[in-house]
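Colleague: Thanks for sitting down with me. Could you walk me through this model and the terms behind it?

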Amino acid sequence: MNTEDLLMNHRSVRKYQNRPIDREVMDRILECGMRASNTGNMQIYSVVVTQDPTRREELAKLHFGQGSTCAAYLTICVDVNRYHHWCRLRGCDEPYDNFLWLMAGTVDASLCAQNICVAAEAEGLGFCYLGTVMYNTQAIADMLELPKGVVPVITLSMGYPDEEPILSERLPLAGTVHYEKYHDYSDSEIDEVHHVREEFPFNQEMVKVNNTRNYCEIFTKIRYPKKDNVAISKSLKSFCEKAGFFNEE
């Protein structure tokens, strides 16, 4: 399968075979992650691979059961701890304890994660991004013994697929791509770009099962309501402050 076919046929996998990932395969995937573009070639990230069955089970609980059958969890973190340690050893300043580098590290970690995912699919593996890493940040950090300066931002469940999920819908390019300058949308354009999402059979079934007025309300009322967003944001900000970021002096 060529790269375009691989990317166009991506599916999130949530059920996995009871089959471990060989160390050689994992190392190849991780090496691909390390080749991703990043800020200043500084690689302000770290990847924690969890494969031990007992620790996987513990981590699954922190992700509300997601990925419970996976062969490995990969927790990808912003990491200025390692860079600051190098700075101290070389008698240099430690200037990366601020919001700029939290953002830069998050971008770099995301690029690394996507390289890992493409490489994993090329090896016949499946994966799923778990947004719950931002819901239980402190507990996950405690379990993984993350030091100050390290913030988990992405978790991947990974393993050999035990399912072949349907291909999810995506918005058309007109809904996400802007040439030369941002084009704000009219009401009719919003209706048009979201038509594919609202007419997707699985999404229509979700509306029916959850007794919502429309598919948009699935997100705003059930999946990501305001009160949860605010509570999680406060918790995440508090963790990042304790991790040493937001130092603007």
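Colleague: Happy to start with charges: how many salt bridges does the structure hold?

Modeller: The structure holds 7 salt bridges. This is a predicted model, where local features need pLDDT of at least 70 and side-chain atom pairs count only at pLDDT 80 or more, while totals for chains, interfaces and linings use all residues. Residues are numbered from 1 along each chain as its sequence is written, and side-chain values use heavy atoms, leaving out hydrogens and water.

Colleague: What makes R23 and D27 a salt bridge?

Modeller: The term asks for a side-chain nitrogen of Lys or Arg within 4 Å of a carboxyl oxygen of Asp or Glu. In R23 and D27 the closest N and O atoms are 3.1 Å apart, so the pair qualifies. The two are 4 residues apart in helix 2 (residues 23-34), and are therefore separated by about one helical turn. Helices here are DSSP runs of H or I with at least four residues, and strands are runs of E with at least two, numbered from the N terminus.

Colleague: Why is R23 called exposed, but D27 partly exposed?

Modeller: Buried means under 20% relative accessible area, exposed over 50%, and partly exposed in between, with a 1.4 Å probe and protein chains only. R23 has 60%, so it is exposed; D27 has 33%, so it is partly exposed.

Colleague: Which residue does R28 meet in a salt bridge?

Modeller: R28 meets E123, at 2.8 Å from N to O. Because R28 lies in helix 2 and E123 in the loop between helix 5 and strand 3, the pair ties together parts that are 95 residues apart in sequence.

Colleague: What makes strand 4 largely enclosed?

Modeller: In strand 4 (residues 150-159), 10 of the 10 residues are buried, so the rest of the structure largely encloses it.

Colleague: Why is strand 2 said to pair with strand 4?

Modeller: Pairing needs at least two bridges found by DSSP. Strand 2 (residues 72-79) and strand 4 run antiparallel and are joined by 8 bridges, so they pair.
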